[in-house]
Amino acid sequence: MKRRAFLISTAGSVAGMMLLPKLSFAAEGQIDWYTGSDSNVLDFWTNTVKPAFEAAHAGVKLNLVDAGDNAGVQAIAERAVAAMQTNTDPQADYFEHTDPRLPKGAIEAGLYVNMKEAGLSNYSKVNPLAFDSDYSLPYRGSQVLLAYDTTKLSAADAPKTWEALVSWIKANPGQFVYNRPDKGGSGGNFVRRAIHQANGLDPKAFTVDNYTDAFGTEALGKAWEILKDIAPSLYDNGAYSSGNTQSIQLLAQGVVTMTPVWSDQVLQAIAQGVLPETTGIVQLQDLALCGNFSRAVVLANGKNRDAALKLADFILTEEMQNAILTELGGFPGVAWDYVSADLREKFADIIPASIPTFPAGAWEAAVNDGWYRNVAPTIDRKA
């Protein structure tokens, strides 16, 4: 499954038509690039990265292929592992986003290039908060922010801490909404921010392996009290939107003044007129709402590995990182010092001091189930 449905339709290739793209022999000087991300990401690479890269690297072509979803990318990775055993061409050079730990044993088998040791001229510019593995390259990010109507709430008064946000919600009943946590990551990460607030502002307290019923009941129970406390002050006396898109629609229609949003969705919505230019965006500065980075890998046994490494370096240039902000609506993968000064000024209120994450697995099920039982017991989960 892809991470979420996007608010804005884009003209791009239809994703997910088949699990594994049709094979073709790798051409000399052609980078075989695969993605399992949303269609807007493929459009960005097609319309912005590909022409710029090919213009800067004569004789090198980008072959952009939609793998459909993360499962499609993993199928290609498994094919590449098998190709290592037979010393054959995997017909793949670059994955736009994947976890190098997958398939299991891939790093140990030597499937992926060690990006830290690859000699990329722009590697030192990568945001230190973004590193996850020496074998992947963070190049774009997305994080949940707060979007608000500046005709009703000035930038100077926009809350920048959790306590200030809760105070504003209670002082402005009906003007804040978030979506049910299992229906979209913007509301889901608002709930997770409450969990962090209730547990010492320490995201590291939660790992994919440390869930137990006892710990979960204790840690999440404190968060449910916070969320129940603000529930009567929410939109329509405690209603919740059905997903990321509906939250933005309620803001666009002037029904609410503030809502959590994904950074890329809201920036695109403003750029394309779905939301007015009077829409403000802000990030909490005591502890930001959750987000993460998309991390590319280069296949060590790809026929055009060296050209793929040039692409990896190119995507970290100021030109491309600026475009991630302005064209894709994402966060830069490099430190903000390496994007243009005018963009740093424009987005000053959303530059995060931290990029917290929250584990999936057993924690995800516990969060979703517990929210319905404790915070919104009257809502039909299937509705």
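A salt bridge is a side-chain nitrogen of Lys or Arg within 4 Å of a carboxyl oxygen of Asp or Glu. The structure you see is a predicted model.

Let's begin with one pair. The side chains of Asp-286 and Arg-193 form a salt bridge, 3.2 Å from N to O.

Is Arg-193 buried or exposed? Arg-193 is buried, at 0% relative accessibility. Asp-286 is partly exposed, with a relative accessible area of 34%.

How many salt bridges does a search of the whole structure find? The search finds 10.

Here is another one. Glu-54 pairs with Lys-50, and their closest N and O atoms are 2.6 Å apart. Both residues are in helix α1. They are 4 residues apart there, which means a separation of about one helical turn. Glu-54 is buried, at 17% relative accessible area. Lys-50 is partly exposed, at 23%. The cut-off matters here, because buried means under 20%.

Next, Arg-381 and Asp-369. Their side chains meet in a salt bridge, 2.5 Å from N to O. Asp-369 lies in helix α12, and Arg-381 lies in the segment after α12 (362-374). So the bridge ties together parts that are 12 residues apart in sequence. Arg-381 is partly exposed, at 33% relative accessibility. Asp-369 is partly exposed too, with a relative accessible area of 30%.

Salt bridges can also join into a network. Asp-99, Arg-101 and Asp-132 are linked that way.

Now the nonpolar side. The largest nonpolar core has 58 residues. Which residues have the most contacts inside it? They are Ile-31, Trp-45, Tyr-94, Met-115, Leu-137, Leu-311 and Ile-315. Helix α1, residues 39-56, gives the most to this core, with 7 residues.

Take a look at Ile-315. Leave aside its neighbours within four places in sequence. Ile-315 is then in contact with Trp-45, Val-49, Tyr-94, Leu-137, Tyr-139, Met-320 and Gln-321.

There is also a second, separate core. This one has 41 residues, including Leu-146, Leu-227, Phe-358 and Ala-376.

To recap: a search of the whole structure gives 10 salt bridges. The largest nonpolar core holds 58 residues, and a separate core holds 41.

Technical notes. Residues numbered from 1 in each chain as written. Predicted model: local features only at pLDDT ≥ 70, side-chain atom pairs only at ≥ 80, totals over all residues. Heavy atoms only, no water. Core = buried A, V, L, I, M, F, W, Y, C linked by side-chain atoms within 4.5 Å. Buried < 20%, exposed > 50% of the residue type's maximum accessible area, 1.4 Å probe, protein only. Helix = DSSP H or I, 4+ residues; strand = E, 2+ residues; numbered from the N terminus. Contact = heavy atoms within 4.5 Å.
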